[in-house]
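Please read the points below with the model open beside them.

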Amino acid sequence: MMSFWRDRRFWQIAIQVIAVILAIAIAMVLWINVTRNLQQLGIQFGFDFLQQEASFDIGETPINYQPTDSYSRALWIGLLNTLRVAIAGIIFTTIVGISAGIARLSDNWLVRNIALVYVEIFRNTPLLLQLLFWYSAVFLSFPNVNNRISLGGLIYLSQDGLEVLGLRFSSELAALLIGLTFYTGAFIAEIVRGGIQSVSKGQWEAARSLGLKPVLIMRLVIFPQALRVIIPPLTSQYLNLTKNSSLAIAIGYPDIYFVASTTFNQTGKAVEVMILIMLTYLTFSLIISLIMNLFNRSVQIKER
C-alpha cells in the first residue's frame, strides 16, 4: 500500500484527473450563472438569430452579400476578411521579419543601422497607433482615384487604397496589412537575429573553408540550423498577428470582430456572439499552432 502511494505514475495520473474535474466544475458553475442571469433579464439563449435578416451593409465583401442576407452570412463575410488578413499578414511579415533580422547582422554599417532603427521604432510603438497612422495620416492624405500616384506603373496609391500588379487593396485593408506586417516583423527580426547568432561560429568557418559565398552560407548552412531556435517564438508571433487583426475595427475594416460587434448591437445576443468570436480565434490559433508544430518537428535533429 505504501509503495502504491509513492508511485510517481499514480500521482501524475491523479493530478491530471483532479485538474480535469476542477475545470469541468468551474465551467459548469460559470454556465449556470450565465443561464440564470439571462433568465432574470428575460433573454433566451440560442443561435436562432443567425437566420434572421442582418439589415446592415458591409463595406468590403469577398463574396456576394446584401443587407437582406442573414446574420450567418454576414459573419461568414467577416470570417473570410479575417482569414485573408491573417494569411497575407503571415506571408508579408515573414518576408519583412527575416529580411530585417538578417540585415541586423549585416557587415554594412548603413544596412545594419537602418534595420536597427526600424526594429526599435516599430517594436516600441503601440500597434493601434501605427494602424491609425497608416490609415489617417498616409492613405487618407493621398489624392483621389482620378489623380492617383503611380510608382513605375506597377504600384498605384490613392484614397481608395493600394493597387499592386493588378491586385487591389482597399485603404482599410492596406493600412491594416502594412501596420500588422511592420509591427510583427520587428519582433520576428529579433527572433531571426537571435536564432542566427545561436549557430556556432564553427559552422561559419567550416562553410567559408569550403569556398561558399556569404549568401550561400546563410541559405544552405546557417539559416536551416537557426530554424530550430526560430520556429517556436515565431509561432507565437503568428498567433499574435492573427489576434491583433481584431484591431481592424479601429479603422473600419469589416473583419469578424467588426461584424460580430454590429450583430451584437442589433440583436443583443452578447453571450452567443462572444462564443462565436472566441471559437473563431481559437480555431485559427489551433490551426496555426498545428502547422507550425509539424514544421518545427521536421527541422529538428533526428537522433538515432
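**Notes on the model**

1. Val 119 sits in helix α4 (residues 109-123); helices (H or I, at least four residues) and strands (E, at least two) are DSSP runs, numbered from the N terminus. Val 119 is buried, at a relative accessible area of 0% (buried means under 20%, exposed over 50%, partly exposed in between, with a 1.4 Å probe and protein chains only). Apart from neighbours within four places in sequence, Val 119 is in contact with Arg 104, Ala 186, Ala 189 and Glu 190, contact meaning heavy atoms within 4.5 Å. Its C-alpha atom is separated by 8.5 Å from that of Tyr 183, 64 residues apart along the chain.

2. This is a predicted model, in which local features need pLDDT of at least 70 and side-chain atom pairs count only at pLDDT 80 or more, while totals for chains, interfaces and linings use all residues. Residues are numbered from 1 along each chain as its sequence is written, and side-chain values use heavy atoms, with hydrogens and water left out.

3. Four strands form an open sheet in the order β1-β2-β3-β4, with antiparallel pairing (two strands pair if DSSP finds at least two bridges between them). Its edge strands, β1 (149-151) and β4 (167-170), each pair on one side only. Neighbouring strands are turned against each other by 15 degrees on average, direction ignored. Axes here are lines fitted to C-alpha atoms, for helices over the stretch in contact, and angles run from 0 to 180 degrees between N-to-C directions.

4. Within the sheet, β2 (residues 155-158) and β3 (residues 161-164) run antiparallel and are joined by four bridges. Tyr 156 stands opposite Glu 163 in β3. Helix α6 (residues 171-197) lies across β3 and β4, at about 90 degrees to β4.

5. Which residues lie nearest the centre of the largest pocket? They are Ile 102, Leu 105, Trp 204, Pro 214 and Met 218, from a lining of 17 residues. The elements giving two or more residues to this lining are α3 (71-103), α6, α7 (201-209) and α8, and α8 supplies the largest share, six residues. A pocket is an open set of points on a 1 Å grid over the protein atoms alone, where a 1.4 Å probe fits, with protein on both sides within 12 Å along at least five of seven lines; lining residues have an atom within 4 Å of a point.

6. Thr 235 belongs to helix α8 (residues 214-244). Thr 235 is buried, with a relative accessible area of 9%. Beyond neighbours within four places in sequence, Thr 235 is in contact with Ser 289 and Met 292.
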